[in-house]
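Below are my notes on the model, as numbered points. Please read them alongside the sequence and the coordinates.

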Amino acid sequence: MNGKHLVKLGLEKKAIALAQTAAAARETAGLARDEILAELRAVQANPAAYLAGGVYADLATELSAQQATRDALKGAELRAAPLPYPVWGQDLIEPGARSQMDVAMRLPVSRAGALMPDAHVGYGLPIGGVLATENAVIPYGVGVDIGCSMMLSVLPVAPGALHAEDGKALLLKHTRFGAGVAFDKRDRQDHEVLHEGAWQDQPLLRHLFEKAATQIGTSGSGNHFVEFGTFTLADADLGLEAGEYLAVLSHSGSRGFGAQVAGHFTNLAERRHPGLDPAAKKLAWLPLDSEDGQAYWQAMNLAGRYALANHDLIHARLARALNVQPLAQVRNSHNLAWEQEVGGQNLIVHRKGATPAEAGQLGLIPGSMADPGYVVRGLGNRDALGSASHGAGRVLGRKAAERTLAKKDVQAYLAARGVTLIGGGIDEAPQAYKRIEEVLARQSDLVDVVGRFTPQIVRMDTGSEDV
């Protein structure tokens, strides 16, 4: 039997060679060409029936694999047009972020979304993007820094009681910043998250445990920070009287552990969807009910808890150094996915640079190294999927900030606000960010402001050019 007969059947590539091998065996057994063609049609129609063994088993295996690939490609087709989604602060958002959100809303698994007023271009889902999917989790919908989060500790100390040099010395002694940075063995920190059984459930997590153990209690690079500042309550709240307090505010994530989890599962997702439109490549998803999807979900949530543990240790060290106990604490993650009811459906809500803001839920929205941050209480806006901005949002990318901002202007901005800076680069200058007051004004239907944090002593990693 020649290849023309097999091509007419619709066989292709490796299946043709396997069909020829099987056909030759059947000819040797005495079957006529028409009988063999009839058998080949039967294998095509139901390859699963031939997988157990026999002359057609190899062909059936290949046909099943080809069908699975076609199904994956078909499932990866984008909608012709994005689902509609609301946008807060349209006048503050760059076109690139809108374009990225449009692509996300064309995914076949997308069901709802929203864009926050601090939104700007990211990888895959824009920073400030909120995306609800059905039975699907998108590693890059969460981001590389899984569990990136905020924490505020209000201390029983008057703001003026901590002098700048004393605060600077405390931050230099009790915080660590930068890619790959860890504590020395003699100073290594411990936390209950390191004793969770989840670390032993996956080879990847077992492999990454030592990295996580050495880096716990530290902060990364970029826009991560630890700050002393003045927390102002205009009205009694958080169990506190109105007034001014010394407070610690930190921004940190899951360090190298979370980054490697993100990279590993993004690769798995991309391999699962080889035919996905290039514009959506970084939005490749894992079915939540698949083995890979469940593995990512477990690793993601562990990374989220690990990120919050970093804050716990940072704040505990500083409180001990001051010999005080915090009066109140607020914390939230803003790079994570949650199971949430949306429009009567149980969906997976990805917040990539967005603060959870369900009704009554406390959260933190920072400004920049010299601009205030805010404690907010969510209003549970359904259209926003119970979300708000996670900060001011960039108006200049890192490279653009380094090219266009002058060090003397940044230093003048800090001096005018009485901010002492340790580390920090031009790429993190306040002028590289939107004005936080304008961002808050665009989301008055998402959150109420509870209190204001004004930075005074700020530590960050060093940038490519320090301020």
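1. R255 is buried, because its relative accessible area is 9% (buried means under 20% relative accessible area, exposed over 50%, partly exposed in between, with a 1.4 Å probe and protein chains only). R255 belongs to helix α9, residues 255–272; helices (H or I, at least four residues) and strands (E, at least two) are DSSP runs, numbered from the N terminus. Its phi is near 60°, a positive value in a residue other than glycine. Most residues other than glycine have a negative phi.

2. On provenance: this is a predicted model, in which local features need pLDDT of at least 70 and side-chain atom pairs count only at pLDDT 80 or more, while totals for chains, interfaces and linings use all residues. Residues are numbered from 1 along each chain as its sequence is written, and side-chain values use heavy atoms, with hydrogens and water left out.

3. L385 also has a positive phi, about 55°, although it is not a glycine. L385 sits in the loop between β13 (373–378) and β14. With a relative accessible area of 4%, L385 is buried.

4. S389 is in strand β14, which covers residues 387–389. Its relative accessible area is 0%, so S389 is buried. Leaving aside neighbours within four places in sequence, its contacts (heavy atoms within 4.5 Å) are M116, P117, D118, T355, I365, V439 and Q443. The C-alpha atoms of S389 and W285 are separated by 24 Å, and the two residues are 104 residues apart along the chain.

5. How well does the span of helix α3 agree with 1.5 Å a residue? The 13 residues of α3 (residues 33–45) should span 18 Å, and the end C-alpha atoms are 18 Å apart, which agrees; the expected span is 1.5 Å times one less than the number of residues. The buried residues of α3 are I36, L37, L40 and V43. Seen down the axis of α3, these fall within an arc of 115°, so they line one face of the helix; the arc is that of the directions from the helix axis to the C-beta atoms. An α-helix has 3.6 residues a turn, so residues three or four places apart point the same way. Exposed residues D34 and A45 are on the face of α3 turned away from its buried side.

6. In helix α12 (residues 407–416), V410, Y413 and L414 are buried. Down the axis of α12 these buried residues fall within an arc of 95°, so they line one face of the helix. K408, A415 and A416 are exposed on the other side of α12. The cover over the buried residues of α12 includes β15 (420–422). Just after α12, G418 takes a positive phi of about 70°.

7. H174 is in helix α7, residues 164–174. H174 counts as buried because its relative accessibility is 15%. Not counting residues up to four places away in sequence, H174 touches R317, L318 and A321.

8. For the protein chain as a whole, the secondary structure comes to 13 helices and 16 strands. Of its 467 residues, 55% count as buried. Among contacts with a separation of 6 or more, 75% come from residues 24 or more positions apart. The C-alpha atoms fill a box of roughly 100 × 50 × 45 Å, taken along the principal axes.
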